[in-house]
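Hi,

Here is the structure I promised to pass on. Have a look, and then read on for what turned up in it.

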Amino acid sequence: MSVTKEQLFKRQITLSEIGKEGQDKLQKASVLVVGCGGLGSPIAVYLAASGIGKIHLVDFDTVDASNLHRQVFYALEDVGKSKAAVLSEFIKKRAAFTTVSFTDTPITKENVFELISTFDIIVDGTDSLPTKYLLNDACVIKNKPLVYGSLYKFDGYVATFNVLQKDGSYSANLRDAFPEMATDVPNCSEAGTMNAIVGLIAMQQVNEVLKLITGIGKPLANELLIYNSLQNTQLKMKLKPIVLKEKISNLFKIQTYFDAACTLQNSDFQISAAALKERLEDSSLELIAVLPNLKLPFKVHQTIPINEFNVDTIEVDFAKTYIMVCQRGINSYRATKMLKKKYPALNVLSLSGGISGY
């Protein structure tokens, strides 16, 4: 079916604040969406449906069954497929006037400037703290606005960082809210989340992008919106631009922004769920959970949170095989590598895919 822009965007153009001029601005705009999960997938779809002319998606991950309760633009038959590829095809079928492309490898310190360089607005739809700080710092250095969103259980956070102000300065960035990257904040796979808060925060981010492009309303610049879905309450944290480009440029030189979730894991250090199920009764196994409060389908011998995992204080028995367990197989792999580095001859394996894949 062939449609015109006037037909497709009639309800939006009818708004006097948007009109044809605002719709033309959307058509000429380009947006980079990093992350195609709970936040990024609806963000990309709604931006395309709004008439954004060019969207590029970045996500290295594949669709997992545990994603589907909140990542509603994927289907059961998409499990195992590239998120970026599947979402790109979904958008192409519904957004006749949007050019969509994708990158299905991780965004890193080495490629971040190349990826953000040609886009007007960068949107953070990730659940990775290192990636959030990487995007923030790169956007500050290259003078790009960043629409930020994050989640923790029933709370959501939204802000528009690094916006050019009338006096030529730039608004606050992520480091003005949280100067240092926390090391013990679990992502949604580890802490859990409900789909409603994910959708609410994604739509807030879409709203920020549309306001920035059309020039209507007031973006969340120099403030961080914090929303709690259980109480339906929200507050705005006022921010001041204190951590400026020079300092962030110096930080960028020395920080790695390394995220274990974005790296390939050595299969020799892993055990599949099927293999573990066959060996659970083996008395030579020592199972260690590296996250507290895990809902486990089997008993473990020890629980040592990853932020307390000190190989120098762990007594090992070389007659045993150690199995590290966590939610997704990321922190357990970290613990496995730590033990293998200290004791190369020790039999130690990480449960591949974690409890989510068991």
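Which backbone nitrogen does the side chain of Ser171 reach at 3.2 Å? That of Asn162, and the side chain of Ser171 also reaches the backbone nitrogen of Val163, at 2.8 Å. Both are polar contacts (a pair of N or O atoms within 3.5 Å; within protein, one must be able to donate a hydrogen and the other to accept it, and residues adjacent in sequence count only if both atoms are side-chain atoms).

Before going further, a word on the source: this is a predicted model, where local features need pLDDT of at least 70 and side-chain atom pairs count only at pLDDT 80 or more, while totals for chains, interfaces and linings use all residues. Residues are numbered from 1 along each chain as its sequence is written, and side-chain values use heavy atoms, with hydrogens and water left out.

Ser171 sits in the loop between strand 6 (155-161) and helix 8 (174-177); helices (H or I, at least four residues) and strands (E, at least two) are DSSP runs, numbered from the N terminus. Ser171 is buried, at 3% relative accessible area, where buried means under 20% (1.4 Å probe, protein chains only).

Best wishes

Notes:
Buried < 20%, exposed > 50% of the residue type's maximum accessible area, 1.4 Å probe, protein only.
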